[in-house]
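Subject: Structure handover

Hi,

Here is the structure I promised to pass on.

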Amino acid sequence: MSEIRPELKYLVSHEWLRVESDGTAFVGISDHAQEAMGDLVFVETPEVGSTVTAGEEAGVVESVKAASDIYAPVSGEVVAINEELEETPEAVNNDPYGDGWMFQIKLSDPAELESLELLSAEDYVAKVEEEDQ
Amino acid sequence: MTNKTVLFDKHVEAGAKIVDFGGWDMPINYGSQIEEHNAVRQDAGVFDVSHMTVVDITGDDCQAYLQKLLANDVARLKEDGKALYSGMLKEDGGVIDDLIVYRMAGWYRVVVNCSTREKDLAWMVKQAEGFSVEVTERPEFAMVAVQGPNAREKVAEILGGEQAELVRGLKIFQGKESGDWFIARTGYTGEDGLEIVLPNEAAPAFWQQLLDAGVAACGLGARDTLRLEAGMNLYGSDMDESISPLAAGMGWTIAWEPEDRDFLGRQALEAQKAAGDLPKLVGLVLETRGVLRGHQKVVAEDGSEGEITSGTFSPTLGYSIALARVPKSTGDTAHVEIRGKLHAVKVVRPPFVRNGERVYK
C-alpha cells in the first residue's frame with residue numbers, strides 16, 4: 001500500500017499540495033502516482049516566474065512507461081522549481097513527498113483553496129482504492 | 001480469466017507488480033525497472049518467460065514442413081542444437097509471428113509468442129496437411145531466460161557437474177538437451193546468456209537458486225527496454241500480419257536461396273522486393289530531453305511521414321531511442337512530434353546497445 005500524508009491536499013489527478021504559512025505552496029505527485037508510473041526519467045517543471053492556473057497543465061513527467069501531465073492544483077506564480085530533478089528524477093520515486101517536490105507556487109488567490117475541489121488525504125485514499133478495484 | 005505461470009507465487013513473494021500480458025498474469029517489475037535493466041547489462045538477471053509457447057515438430061517430414069512454413073531455412077542449421085530466428089508468414093507476406101527454431105536430434109523445437117499462441121498453433125496445424133509431421137505444444141515446460149555478462153557462469157555454478165560443463169561449452173545460438181532440461185545460449189536482451197526450458201515442477205526451486213546466487217529477478221518492463229536497446233523487434237508493435245518482414249527490419253531472416261524452396265509468402269515477398277517501394281524500419285535517437293513512444297509521428301526531411309513502432313528511454317544510454325517505420329527515402333536525420341512539438345532525431349541502424357556498450361553510429 002502506498003504512503004499518503006494526512007497534512008497534504010490532493011488532486012484526483014494524483015498531485016499533492018502542501019500549503020505553507022507564507023502564502024506559497026509546494027507541488028509534487030503522490031506515492032501512489034509514482035508507483036503506478038514506474039521509474040521516472042524526465043521531469044519537466046514550469047519555469048520560475050511563469051504563471052500557472054488551477055486545473056491546467058503545468059508540467060510533464062516521463063517514466064519508463066509513459067508521459068503524464070502535471071496539473072497545477074492552485075493558481076499563482078512559480079517562485080521555485082526543484083532543479084535537482086533534472087539530474088535525479090528518481091528522487092520522485094524514492095521520496096515523492098520530500099526530495100521529489102516539483103515546484104513552488106505563490107498563491108494568487110488563497111481563497112481558491114476553499115473553492116477548488118482539493119481532496120483531503122482521507123478522500124484521496126478512498127479515490128485510490130476505488131481506482132484499484 | 002488469466003493464466004498464471006508456475007512461477008507466479010515466486011513473483012508475488014518477491015513483491016512483483018503484476019500486469020495482464022496477452023492473457024497472462026506477469027511481473028512488470030519487482031520495484032525498479034531501471035535497476036533490473038542495469039543488472040542484466042552489468043551482471044545477471046532472470047526473466048520468467050514461461051508464458052511463451054513451446055511447440056515440438058516431429059515426424060519424418062519435419063524438415064520439409066518447416067522449410068515450407070518459415071521464411072528462414074532450417075536447412076541452414078548444420079548440426080543438432082543450432083538455432084535460427086525466423087518469421088512465419090501468410091501467403092501475402094504479412095508476419096503471423098516471429099519465432100526461434102532449434103534443430104534437435106531428428107526433430108525441431110519452436111518457441112513462439114504467447115499473445116499469438118492460438119492463431120500460431122492453428123496455422124501450424126493447418127499447414128501440416130500433406131506432411132508426415134506432428135505439431136505438439138509442450139505446456140508441461142516452464143521457461144526462464146538468464147541474461148547478462150555473468151549469467152552463464154552463475155547458472156553453471158548452480159547446476160554443477162555435467163550440466164555446468166554443458167553451459168560453459170555452449171556456442172552462441174546453440175542449445176543442448178540435458179535430461180528433460182533444454183539449455184540454449186540465446187536471448188532477447190543483447191547480452192550473453194541462456195534460455196532454459198525445464199519441467200514445470202523444477203522451475204520454482206531453480207528460480208530460487210538463481211535469486212540466492214544474486215541473480216536479479218527482472219520483469220517484462222526491463223525485458224522491453226533491453227530488447228529495444230538491442231534493436232530486436234516486438235511482435236504486435238514493430239510488425240504484425242499487415243506488415244511485410246521487408247518493412248520490419250527482417251530482410252536478413254528471409255532465405256531466398258535455394259530459389260526452388262517454396263516457403264509460404266515467398267511469391268508476395270518477391271513481388272514486393274521487385275517493386276522496391278516498401279517503407280523501412282530504422283532506429284531513432286533523441287539525444288535531448290523527452291521520450292520517444294510508440295505511434296508518435298516521424299517527419300523525414302522531405303516532409304514524408306512515418307511512425308514510431310516502439311520507443312523508450314534507454315537506461316544504458318541515458319536518452320531515448322526508438323524503432324520507426326519510415327519512407328524509404330528517409331536520410332540520417334528526421335523529426336518526431338512529441339506533444340505537438342517537433343524534435344530533431346538521428347536516424348541510425350539498430351542495434352543501439354550490445355554487450356553493455358553503445359554500438360550505433
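To start with a question: which residue's side chain meets that of E270(B) in a salt bridge? The partner is R266(B), at 2.8 Å from N to O. Please keep in mind that this is a predicted model. Both E270(B) and R266(B) sit in helix α9 of chain B, four residues apart, or about one turn of the helix. R266(B) is buried, with a relative accessible area of 4%, while E270(B) is partly exposed at 37%.

Two other salt bridges in chain B may interest you. In one, E191(B) pairs with R41(B), with the closest N and O atoms 2.9 Å apart. E191(B) belongs to the loop between β12 and β13 of chain B and R41(B) to helix α2, so this pair ties together parts that are 150 residues apart in sequence. E191(B) counts as buried at 11% relative accessibility, and R41(B) counts as buried at 6%.

In the other, the side chains of R227(B) and D238(B) meet at 2.9 Å, N to O. R227(B) is in helix α8 of chain B and D238(B) in the loop between α8 and α9, eleven residues apart. R227(B) is buried, with a relative accessible area of 1%, and D238(B) is buried too, at 0%. Over all chains the count comes to 29 salt bridges.

Now to the interface. Chain A and chain B bury about 1300 Å² between them, with 46% of it on carbon and sulfur atoms. Of the area that chain A buries against chain B, D39(A), F42(A) and V64(A) supply 44%, more than any other three residues. The contact takes 16 residues from chain A and twelve residues from chain B. Three salt bridges cross this interface. E44(A) forms a salt bridge with R339(B), with the closest N and O atoms 3.9 Å apart.

The elements that give two or more residues to the lining are β1, β5 and α4 of chain B. By class, the lining has seven nonpolar, nine polar and five charged residues.

Finally, a residue in chain A: H32(A) lies in helix α1 and is buried, with a relative accessible area of 12%. Beyond its neighbours within four places in sequence, H32(A) has contacts that include H14(A), Y124(A) and D132(A).

Best wishes

Definitions and conventions. Residues numbered from 1 in each chain as written. Chains lettered and ligands numbered in written order. Predicted model: local features only at pLDDT ≥ 70, side-chain atom pairs only at ≥ 80, totals over all residues. Heavy atoms only, no water. Nonpolar A, V, L, I, M, F, W, Y, C, P; charged D, E, K, R; others polar. Buried < 20%, exposed > 50% of the residue type's maximum accessible area, 1.4 Å probe, protein only. Contact = heavy atoms within 4.5 Å. Buried area = accessible area lost by both parts, 1.4 Å probe. Salt bridge = Lys/Arg side-chain N within 4 Å of Asp/Glu carboxyl O.
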